[in-house]
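Subject: Handing over a structure, with notes

Dear colleague,

I am passing this structure on to you, and I would be glad if you kept it open while you read the notes that follow it.

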Amino acid sequence: MRFAVIVFPGSNCDVDMYHAVKDELGADVEYVWHDAESLDEFDGILLPGGFSYGDYLRSGAIARFSNVMKEVVKAAEAGKPVLGVCNGFQILLEAGLLPGAMRRNESLKFICRPVELKVENNETMFSSAYEKDEVITIPIAHGEGNYYCDEETLAKLKDNNQIVFTYNGSNPNGSLENIAGIINEKGNVLGMMPHPERAVDELLGGADGLKLFQSIVKQWREAHVVKA
Amino acid sequence: MYKVKVFVTLRESVLDPQGTAVKNSLHTMNYNEVSDVRIGKFMELNIEKSDRDVEEVVIEMCERLLANVVIEDYRFEIEEAVAQ
């Protein structure tokens with residue numbers, strides 16, 4: 001399985017993402033620049049965190065119109081796993097691949113610390129290696145992670161079991177219903193504010209994020225590797 | 001040539017944490033008559049005349065990029081700029 005880490009001007013978690021996939025997960029991965037014409041050769045698409053285009057106008061608003069995003073939409077439509085972390089999540093929201101929008105954190109502060117998450121749905125290609133209701137620790141680092149959507153959208157998210165991760169205990173940013181990560185209806189596009197790629201090594205404080213990447217690979221293998 | 005002023009604010013139904021902080025600050029300064037503050041963005045665009053209706057073009061740009069209509073409202077003013 002081959003992953004692409006999309007690099008926008010201003011991405012700054014691309015190296016962490018690359019490291020998590022290559023060194024900790026042990027899968028093929030390549031950096032792909034924002035003006036790339038094709039993602040056909042990749043099986044999984046990773047949109048890293050950072051401040052694409054300096055967060056000008058709104059987080060993710062400019063990146064959403066970069067060339068490669070047409071290809072990301074195509075990959076999403078083809079059913080390939082697409083993961084957006086932090087700014088990557090914001091870009092997926094702006095692109096309309098996920099519903100809702102981000103507001104400034106309720107405290108107006110940039111928050112950077114490990115938080116507890118609860119796995120609300122472990123029946124997705126991103127969360128199958130976790131137990132349902134498992135509590136994991138993953139770092140957050142954002143100023144705009146206060147998720148919002150209208151009531152109708154929220155009801156739909158709940159009905160379809162699209163809320164994958166919630167903040168456990170205290171909510172760091174004021175997000176609706178403690179939402180930390182949501183998936184699209186089809187189940188192949190996940191956006192989350194916490195950084196699983198920063199939690200892949202016990203030596204660096206915890207490895208709870210690794211199972212997310214392992215889930216993706218497991219699902220892909222089951223779907224693609226021909227059984228002997 | 002048109003000069004277009006675009007105002008983008010958070011929707012009424014969406015809590016504006018920046019606006020709330022500024023309101024609280026104004027109250028601390030004894031401006032207790034302030035009942036609400038909403039913080040938004042102001043953009044000025046110079047748009048060349050084309051065969052498309054300028055209002056239609058501005059609405060399209062607002063919907064697609066300048067505002068995020070999930071959480072933001074926008075309004076605009078169009079002035080015809082006098083040639084220098």
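This is a predicted model: local features need pLDDT of at least 70, side-chain atom pairs count only at pLDDT 80 or more; totals for chains, interfaces and linings use all residues.

Chain A as a whole

Taken as a whole, chain A contains 5 helices and 11 strands. Its radius of gyration is 16 Å, close to the 17 Å that the globule rule gives for 228 residues, so chain A is as compact as a globular protein of that length. Along the principal axes, its C-alpha atoms fill a box of roughly 50 × 40 × 35 Å, and 54% of its 228 residues count as buried. If one takes the contacts in chain A between residues at least 6 apart in sequence, 76% of them join residues at least 24 apart.

What is V5(A) in contact with, once its neighbours within four places in sequence are left aside? The partners are D14(A), M17(A), Y18(A), V29(A), Y31(A), V32(A), L46(A) and P48(A).

V115(A) is found in strand β6 of chain A, which covers residues 111-119. Why does V115(A) count as buried? The reason is that V115(A) has 20 C-beta neighbours inside 10 Å, and 20 or more is what the term buried requires. Not counting residues up to four places away in sequence, V115(A) touches I138(A), I140(A), Y167(A), P172(A) and P194(A). From V115(A) to V72(A) the distance is 29 Å in space, C-alpha to C-alpha, while in sequence the two are 43 residues apart.

Chain B

Turning to chain B, its secondary structure comes to 2 helices and 3 strands, which follow the pattern β-α-β-α-β when read along the sequence. Its radius of gyration is 17 Å, whereas a compact globule of 84 residues would have one near 12 Å. The C-alpha atoms of chain B fill a box of roughly 50 × 30 × 15 Å, taken along the principal axes, and 14% of its 84 residues count as buried. Of the contacts in chain B with a separation of 6 or more, 67% are accounted for by residues 24 or more positions apart.

The strands of chain B form an open sheet of 3 strands in the order β2-β1-β3, with antiparallel pairing. At the edges stand β2 (40-47) and β3 (72-80) of chain B, each with a single partner strand, so one side of each is left without a neighbour in the sheet. From one strand to the next, the twist averages 15 degrees. Strand β1 (residues 2-10) of chain B is joined to β3(B) by 9 bridges, the two running antiparallel, and in β3(B) the bridge partner of K3(B) is E79(B). Across β1, β2 and β3 of chain B lies helix α2 (residues 54-66) of that chain, which runs at about 150 degrees to β3(B).

Where the chains meet

The contact between the chains takes 10 residues from chain A and 8 residues from chain B. On the side of chain A that touches chain B, the residues divide by class into 4 nonpolar, 1 polar and 5 charged.

Notes:
Residues are numbered from 1 along each chain as its sequence is written. Chains are lettered from A and ligands numbered from 1 in the order in which they are written. Two strands pair if DSSP finds at least two bridges between them. Helices (H or I, at least four residues) and strands (E, at least two) are DSSP runs, numbered from the N terminus. Axes are lines fitted to C-alpha atoms, for helices over the stretch in contact, and angles run from 0 to 180 degrees between N-to-C directions. Two residues are in contact if their C-beta atoms, placed from the backbone, lie within 7 Å. Ala, Val, Leu, Ile, Met, Phe, Trp, Tyr, Cys and Pro count as nonpolar, Asp, Glu, Lys and Arg as charged, and the others, Gly among them, as polar. The radius of gyration is taken over C-alpha atoms; the globule rule is 2.2 Å times the number of residues to the power 0.38. A residue is buried if 20 or more other C-beta atoms lie within 10 Å of its own, exposed if 12 or fewer, and partly exposed in between; C-beta atoms are placed from the backbone.
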